[in-house]
Amino acid sequence: MRLVALLGVFAAVAALALGTSFVLFPTTHLEQVVVWQLRAPRLLLGAAAGACLGAAGLLLRTSLRNPLAVPELLGVSGGAAAAVGTCIAFGLSVPGAPLTPALVGAAVGGALTLLAVRGAKGPAAVLLVGAAVGSACQAVLLAATAMTDSREQGVLVRYLLGSLTGTTWSALVPVGVGLVVAVPALVAVLPRVRLLRLGDEEAMSAGLRPGRARLAALATASLLVAVVVAQAGPIAWVGFFAPALAERLGRSGVVAAASVGAVVVVGADVLARTVLYPIELPVGGLTAFAAVALGLLTARKRVRV
Amino acid sequence: MRIGGLGVLLVVACFAHISVGSTGAGLLALFGDDAGARMVVWELRAPRLLVGLCAGACLGLAGAILQAAVRNRLASPEITGVGSGAVLGAVAASTVGGLAAQPAAMAGAALVGGLVGGGLLWVVAGRSGDVAVRGVVVSAVLVGGTLLLLTAKPQLAGAVSRWLLGSLAGRTWEHLAPLWPVLVVALVVACGLAGVMDVLAVDDDHAHAVGLAVVPWRTAALVTAALATAGAVAAVGATAFVGLLAPHAARALVGPLHRRLLPTAALAGALSVVAADALGQVVGVPAGAVTALLGAGVLVVVARRTGGFG
């Protein structure tokens with residue numbers, strides 16, 4: 001865990017210092033603007049997004065008892081992405097965009113999944129239902145871009161993969177508001193999730209209704225994901241990556257998953273900005289590939305669902 | 001009898017498909033005097049219809065083969081990584097390789113991608129039996145890879161989303177040329193393997209008991225499915241969930257014996273793509289959007305009923 005903290009500090013300093021101009025101690029006015037108006041909000045959004053996704057991923061994998069239960073398979077990020085992408089592709093002006101359509105889309109996608117999931121048989125069915133809703137949302141987004149032949153290719157990349165390009169302080173306000181709601185919900189739902197991990201029968205004998213507890217966990221995770229997707233898109237596979245990595249480090253708590261998530265996103269974003277400079281990769285692309293590597297390493301050894 | 005009903009539906013869908021469009025020309029225009037209408041039907045609508053028929057048949061066939069080979073009723077090109085791999089191959093060939101104008105090379109690239117996607121699932125799923133969920137994950141990762149290619153050629157956003165979705169817009173005779181041989185080969189091989197697939201679909205013990213070497217036959221079935229998928233994807237793109245819908249419809253019609261199931265699934269696949277494209281042209285969306293939205297509903301129903309291991 002000390003290693004994670006150390007890496008976090010290192011990544012944060014790198015995120016503030018690296019870029020077109022290397023700035024360690026901002027002295028001139030221009031340098032101060034670059035650090036405080038461009039790099040600092042981006043760093044904060046990355047850290048918040050990673051923490052939310054890590055926590056959401058942990059909630060999902062624990063409550064569905066499947067290491068592959070990830071926010072991408074929940075319909076939430078898909079719904080938000082579809083709503084925002086469609087608005088931009090057709091040039092619709094919605095008040096409060098992109099946040100309003102993202103939140104509405106996330107709520108609709110998540111609600112569709114939750115409705116379709118009710119009464120489904122077992123954890124694997126829940127995941128597949130989420131995947132079905134997710135791919136329907138993805139089809140809507142793809143159809144919107146294909147039909148309009150949109151020049152806004154950044155939209156497709158951002159809302160299918162996730163990217164932190166162009167973050168400002170004003171983008172952080174809605175994230176903060178979302179977190180004020182999401183964090184207490186997370187704290188409230190955690191004890192039930194810990195019981196669910198033992199198995200449905202044990203949870204029932206402890207006086208818990210597994211179906212309801214699972215719904216509460218799904219709803220909380222949806223909220224956490226929606227907060228992130230509205231501003232940065234579904235930064236791909238961090239929700240899978242962070243809890244898995246935290247577990248490998250010997251920690252299975254939510255704080256560990258959230259901190260690993262934050263460090264992963266900030267670190268990946270530094271790499272995405274600098275490796276192929278001046279081309280900026282979407283951060284979601286890097287996290288996706290990191291997840292493939294980890295997935296291939298661990299998937300074969302994992303216990304079956 | 002029931003196949004007859006399916007055939008009638010298919011003929012109706014074909015007539016509807018060839019009559020839909022901005023001019024009122026229909027099939028009869030081929031024999032009329034109006035050269036403009038004849039050209040519209042012969043050069044634009046006829047190849048589009050035939051490409052849709054062949055691609056749909058390929059996808060339906062691939063889905064039916066995959067469901068037997070990995071013994072999971074949810075298996076289909078988009079849930080096993082074979083379809084997304086094929087899309088990745090085709091998009092890589094057209095964006096990075098610059099092969100968009102050579103349909104045969106596109107089909108080859110799609111085949112390589114499809115085999116890689118299927119192989120990736122084999123590695124990830126191992127012996128766990130959890131093919132459906134892991135396949136969805138493999139598939140999502142491959143779609144992510146396709147989007148990363150987009151960052152190399154950002155101006156192709158529209159084209160890439162048409163590949164990922166599946167669209168019949170602008171398909172001509174040259175797209176049909178590599179597609180129909182693929183369909184014929186896959187159909188002949190699959191029907192030759194029908195008896196083997198009946199055994200594979202039950203369980204390994206049963207296969208051993210009747211003296212069937214499981215691994216080589218299963219590999220042969222998977223390669224056939226990848227071939228059929230690649231042909232369809234290289235021509236029209238992913239066209240999500242046709243490979244899931246068609247075998248389920250076929251099984252409901254003619255039962256589980258592959259001698260009858262495989263051709264019926266091909267017919268059902270052709271019907272769904274042609275009908276989706278006709279509907280899509282009326283509404284103004286690509287065919288893949290129609291199949292993806294309808295198919296997602298079917299996946300929800302099947303996943304709820306089988307719990308993911310059906």
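Angles between axes under 35 degrees count as roughly parallel, over 145 as roughly antiparallel, 65 to 115 as roughly perpendicular and the rest as oblique. The model shown is predicted, so local features need pLDDT of at least 70 and side-chain atom pairs count only at pLDDT 80 or more, while totals for chains, interfaces and linings use all residues. Residues are numbered from 1 along each chain as its sequence is written, and chains are lettered from A and ligands numbered from 1 in the order in which they are written.

**View 1. Helices α2 and α7 of chain A.** The axes of α2(A) and α7(A), the latter covering residues 169-196, come within 10 Å and cross at roughly 20°. Axes are lines fitted to C-alpha atoms, for helices over the stretch in contact, and angles run from 0 to 180 degrees between N-to-C directions. The two helices α2(A) and α7(A) are therefore roughly parallel to each other. Their crossing is left-handed; a crossing has this hand if the near helix is turned anticlockwise from the far one by less than a right angle, and is right-handed if clockwise. On the α2(A) side the contact is made by A:Pro41, A:Leu44, A:Leu45, A:Ala48, A:Ala55, A:Leu59, A:Thr62 and A:Ser63. The α7(A) side contributes A:Trp169, A:Ala171, A:Leu172, A:Val175, A:Leu179, A:Leu186, A:Val193 and A:Leu196. Two residues are in contact if their C-beta atoms, placed from the backbone, lie within 7 Å. By class, the contact of α2(A) with α7(A) has 14 nonpolar, two polar and no charged residues. Ala, Val, Leu, Ile, Met, Phe, Trp, Tyr, Cys and Pro count as nonpolar, Asp, Glu, Lys and Arg as charged, and the others, Gly among them, as polar.

View 2. Chain A has twelve helices and zero strands, where helices (H or I, at least four residues) and strands (E, at least two) are DSSP runs, numbered from the N terminus. A:Leu18 lies in the loop between α1 (2-17) and α2 (29-63) of chain A. Not counting residues up to four places away in sequence, A:Leu18 touches A:Val270 and A:Thr274. A:Leu18 and A:Val270 are 252 residues apart along the chain, and their C-alpha atoms are separated by 7.7 Å. A:Leu18 counts as partly exposed because it has 17 C-beta neighbours inside 10 Å. A residue is buried if 20 or more other C-beta atoms lie within 10 Å of its own, exposed if 12 or fewer, and partly exposed in between, with C-beta atoms placed from the backbone. Of the 305 residues in chain A, 57% are buried. Among contacts in chain A between residues at least 6 apart in sequence, 77% join residues at least 24 apart.

**View 3. Helices α1 and α13 of chain B.** Helix α1 (residues 2-19) and helix α13 (residues 258-283) of chain B have axes that come within 9 Å and cross at roughly 25°. They are therefore roughly parallel to each other, and the crossing of α1(B) and α13(B) is left-handed. Residues of α1(B) in the contact include B:Ile3, B:Leu6, B:Leu10 and B:His17, and those of α13(B) include B:Thr264, B:Leu267, B:Leu271 and B:Asp277. The contact of α1(B) with α13(B) comprises 14 nonpolar, three polar and one charged residues.

View 4. The 26 residues of α13(B) should span 38 Å at 1.5 Å a residue, and its end C-alpha atoms are 36 Å apart, which agrees. The expected span of a helix is 1.5 Å times one less than its number of residues. Of the 26 residues of α13(B), 21 are buried, and the helix is mostly covered. Just after α13(B), B:Gly284 takes a positive phi of about 100°. Helix α14 (residues 287-306) of chain B packs against α13(B) at an angle of about 115°, with their axes 7 Å apart. The crossing of α13(B) and α14(B) is right-handed.

**View 5. Two loop residues of chain B with positive phi.** Most residues other than glycine have a negative phi. B:Arg71 has a positive phi of about 55° although it is not a glycine, and lies in the loop between α2 (35-69) and α3 (77-80) of chain B. With 18 C-beta neighbours inside 10 Å, B:Arg71 counts as partly exposed. B:Phe241 has a positive phi near 75° and lies in the loop between α11 (214-236) and α12 (242-254) of chain B. B:Phe241 counts as buried, with 31 C-beta neighbours inside 10 Å.
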